[in-house]
Amino acid sequence: MAVLQASLQYAMGKKMKSFIKMLKQSFILTVALLLLCAVAYPLAVNGAGQLVFHKQANGSLIEVDGKAVGSELIGQQFTDPRFFQGRISSVNYNTYTEEDLIADEEGNTAYGGVSSGSFNYGATNPDLQARVEADLQEFMKSHPGVKKEDIPADLLTASGSGLDPHISPQAAKVQVAAVAEATGLSVEEVQKIVDNNTENKVLGVFGENRVNVLTTNIEIAKAIGLI
């Protein structure tokens, strides 16, 4: 009997040591993976991004006189007739307004709007048709020399993200005359600015030629002495 008890105690002790050893190994592995995946890897990726793609890693910001005025990747709304209009945005390019602020019980406010996206309306949706027609009439009013059939769809529709900063070369072309008249620049000068800010297809194959509205308007502002 004593021999059996001793054997059982030995077996239990051996199992306990094995369990503690396995637990220790699991703990060390967990800590090692935590340090590798949650610390070392993010630091390495962020460091490589800052070193090789510093501008892109920081949001592709555009600065004027040392002050960030926007990003190459996010559109902005322009209402001044001296500047080109961008694409429609159902979220107003995440512009903060008082209507978008929500307050808690203590009176603290926070932005309650969405940051990107579109309404996903179908082509036959009456709200979409009404909005497009209103924008079409407004555009034709401010650009009297442009025919209805010459207005590209991208000036009347939002992109999938609702944040696209680009318009097609045709969408820029139909605005050149109006921008030239409002700024006092010649049509040729305005068109040259558009050409300077036109990005071609990636590798000459992927995507479409596109005009960055923000960078175009910054160059126009410089040309007329605003900045």
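Author: A contact here means heavy atoms within 4.5 Å. The model is a predicted one.

Reader: Which residues does F84 touch, leaving aside those up to four places away in sequence?

Author: F84 lies in the loop between β2 (67-71) and β3 (101-103). Leaving aside residues up to four places away in sequence, the residues that F84 touches are F78, A172, Q175, V176, V179, V190, V194, V213, T216, N217 and I220.

Reader: Is F84 buried or exposed?

Author: Buried residues have under 20% relative accessible area. F84 has a relative accessible area of 2%, and therefore counts as buried.

Reader: How far apart in space are F84 and A171, C-alpha to C-alpha?

Author: In sequence, F84 and A171 are 87 residues apart. From C-alpha to C-alpha, their separation in space is 9.4 Å.

Reader: Why does V39 count as partly exposed?

Author: V39 belongs to helix α1 (residues 2-52). The partly exposed class lies between the buried limit of under 20% and the exposed limit of over 50%. V39 falls in that class because its relative accessibility is 38%.

Reader: What is the area of the nonpolar surface patch that includes V39?

Author: The patch is made by F27, I28, V31, L35, V39 and L43. Its area is about 570 Å².

Reader: What share of the protein's residues count as buried?

Author: The protein comprises six helices and seven strands. It has 227 residues, and the share that counts as buried is 24%.

Key
Residues numbered from 1 in each chain as written. Predicted model: local features only at pLDDT ≥ 70, side-chain atom pairs only at ≥ 80, totals over all residues. Heavy atoms only, no water. Helix = DSSP H or I, 4+ residues; strand = E, 2+ residues; numbered from the N terminus. Buried < 20%, exposed > 50% of the residue type's maximum accessible area, 1.4 Å probe, protein only. Patch = residues over 30% accessible without salt bridge, like charges linked within 9 Å, V, L, I, M, F, W, Y side chains within 5 Å. Areas by Shrake-Rupley, 256 points an atom, 1.4 Å probe, with all protein chains shown as cover. Salt bridge = Lys/Arg side-chain N within 4 Å of Asp/Glu carboxyl O.
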